[in-house]
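Subject: Structure handover

Hello,

The structure we talked about is below, with its sequence. My notes on it follow.

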Amino acid sequence: MTDEDEAAFDEFVAARSTSLLRTAVLVCGASAHDAEDLVQGALEKVYRHWPRIRRDNPEAYARKVVVNAAINKARRRRVLQEITFARPPETVAGSPDVDLRDSLIGELRRLPPRMRAVLVLRYWEDQSESATAALLGCSLGTVKSQAARGLAKMRESVKEGVFR
């Protein structure tokens with residue numbers, strides 16, 4: 001790797017690591033430490049392939065690695081357990097209803113890993129359906145159905161007053 005590549009990678013890490021960490025926390029529903037491990041692993045892969053991906057879209061590549069690692073980790077853990085956040089994701093200053101946000105994040109954590117990943121990428125990261133499908137390596141129909149089912153589950157929790 002050239003000095004120019006090294007400098008570009010350092011700039012990328014400085015600019016995008018917080019965003020990747022936020023995505024990791026939301027997608028894996030785990031503690032900040034687990035999310036940091038996912039991001040560290042993703043950045044290692046990005047670094048190994050940096051000369052090749054640098055000019056394309058390194059953030060999309062890194063986000064895909066984080067999401068896939070979170071899904072794989074959840075698959076390996078046969079029984080998902082509810083894990084509390086060490087620190088909730090950053091919010092915009094002056095957020096009117098922090099309790100509602102915390103409740104929504106709690107409901108998001110209860111969803112299956114792929115469904116959670118679809119909702120985080122589509123609505124939190126503001127990715128299009130096609131970009132989400134590309135990041136997850138699935139069809140556009142899968143993204144649409146997982147998003148619809150996930151939102152329906154969350155709406156049902158609101159109707160039943162199950163928000164915790």
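What pattern does the protein chain follow, read along the sequence? The answer is α-α-α-α-α-α-α-α. Please keep in mind that this is a predicted model.

Overall picture

The count for the protein chain is 8 helices and 0 strands. The chain has 164 residues, and 41% of them count as buried. Among contacts with a separation of 6 or more, 68% are between residues 24 or more positions apart. The accessible surface is about 9,300 Å², and carbon and sulfur atoms account for 51% of that surface.

Thr23

Helix α1 covers residues 3–28, and Thr23 is part of that helix. Is Thr23 buried or exposed? Its relative accessible area is 1%, and the cut-off for buried is under 20%, so Thr23 is buried. Once neighbours within four places in sequence are set aside, Thr23 is in contact with Arg63 and Glu125.

Helices α6 and α7

Two packed helices are described by the angle between their axes and the distance between the axes. For helix α6 (residues 113–124) and helix α7 (residues 129–136), the angle is about 135 degrees and the axes are 10 Å apart. Angles over 145 degrees would count as roughly antiparallel and those from 65 to 115 as roughly perpendicular, so α6 is oblique to α7. The crossing of these two helices, α6 and α7, is right-handed.

Which residues make the contact? From α6 they are Arg114, Ala117, Val118, Leu121 and Arg122; from α7 they are Glu129, Thr132, Leu135 and Leu136. Sorted by class, the contact of α6 with α7 has 5 nonpolar, 3 charged and 1 polar residues.

Asp126

Between α6 and α7 there is a loop, and Asp126 is found in that loop. Most residues other than glycine have a negative phi. Asp126 has a positive value, with phi near 55 degrees. How does Asp126 stand for accessibility, buried or exposed? Its relative accessible area is 66%, and the cut-off for exposed is over 50%, so Asp126 is exposed.

Regards

Terms used
Residues are numbered from 1 along each chain as its sequence is written. This is a predicted model: local features need pLDDT of at least 70, side-chain atom pairs count only at pLDDT 80 or more; totals for chains, interfaces and linings use all residues. Side-chain values use heavy atoms; hydrogens and water are left out. Helices (H or I, at least four residues) and strands (E, at least two) are DSSP runs, numbered from the N terminus. Buried means under 20% relative accessible area, exposed over 50%, partly exposed in between (1.4 Å probe, protein chains only). Contact means heavy atoms within 4.5 Å. Accessible areas come from the Shrake-Rupley method with a 1.4 Å probe; for residues, only the protein chains shown count as cover. Axes are lines fitted to C-alpha atoms, for helices over the stretch in contact, and angles run from 0 to 180 degrees between N-to-C directions. Angles under 35 degrees count as roughly parallel, over 145 as roughly antiparallel, 65 to 115 as roughly perpendicular and the rest as oblique. A crossing is left-handed if the near helix is turned anticlockwise from the far one by less than a right angle, and right-handed if clockwise. Ala, Val, Leu, Ile, Met, Phe, Trp, Tyr, Cys and Pro count as nonpolar, Asp, Glu, Lys and Arg as charged, and the others, Gly among them, as polar.
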